[in-house]
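The entries follow in the order in which I made them.

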Amino acid sequence: MSEEKKKKSNAFTIMKDDSTDGHGGYGVGSVSLENISPVIVDPNEDRAFVDMGAMHARSEVERRVKFIPDREVVKNGKLYWIVWVTVERGENGPHYYGVTGCEIVVDRSIKRAYKSMPEHVNHMDKSMKGHVIVDHMDDKSKKLLADFLREFDAEMWKNSTDELKQALPE
């Protein structure tokens, strides 16, 4: 796959539909998820990538495992992060608006995984409201995320808040 095609297949959804465009019909006032993208940070393989499957718990790292509420069962598992990244358009153009990380631990050897669904739902909501919550992530994962966001779209990074840039330093 060419680099250009690869980048396009990993694209963020930049603008959401305006559900208040005047027609007053179904969906007015509802929350649109079209401007949020899940970024998977894999510190085990030194990579970060957009995986829209995470919107429905079907990302590459979530497939073929059974989720359990007990983290102890997967204590030998690998750590991943699903980072909810919301993009909004500001006066200077599109920017990373909300960025919130949620852990997921996967043990492929026993086909089990752990994640806190309430945390994922709350962090997705907070990302859509412009919060930056990454302080609980390990430094390596924060660097992978920062590098990914900067490389994905340098202009969106430049237009982002100082809060985000301080939370994800170079």
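Strands here are DSSP runs of E with at least two residues, helices are runs of H or I with at least four, and both are numbered from the N terminus. Strand β1 (residues 36–42) and strand β2 (residues 47–50) run antiparallel and are joined by 4 bridges, where pairing requires that DSSP finds at least two bridges between two strands. Aspartate 42 has arginine 47 in β2 as its bridge partner.

**Ground rules and confidence**

I reminded myself that this is a predicted model, in which local features need pLDDT of at least 70 and side-chain atom pairs count only at pLDDT 80 or more, while totals for chains, interfaces and linings use all residues. Residues are numbered from 1 along each chain as its sequence is written, and side-chain values use heavy atoms, with hydrogens and water left out.

The mean pLDDT (the predictor's confidence in each residue, from 0 to 100) is 86 for the chain, and 81% of its residues reach 70 or more. Confidence is lowest in helix α1 (residues 3–9), at a mean of 44, and highest in strand β7 (residues 132–133), at 98. I also marked residues 14–31, over which pLDDT stays under 50. Where pLDDT is low, the predicted coordinates should not be read in detail.

**Salt bridges**

I then looked up charged pairs, taking a salt bridge as a side-chain nitrogen of Lys or Arg within 4 Å of a carboxyl oxygen of Asp or Glu. The side chains of arginine 47 and glutamate 60 meet in one at 2.4 Å, N to O. Arginine 47 lies in strand β2 and glutamate 60 in the loop between β2 and β3 (66–68), so this pair ties together parts that are 13 residues apart in sequence. Asp42, Arg47 and Glu60 are linked in a network of salt bridges.

Aspartate 139 is exposed, with a relative accessible area of 61%, whereas lysine 142 is buried at 15% (buried is under 20%, exposed over 50%, partly exposed in between, with a 1.4 Å probe and protein chains only).

Conventions: Contact = heavy atoms within 4.5 Å.
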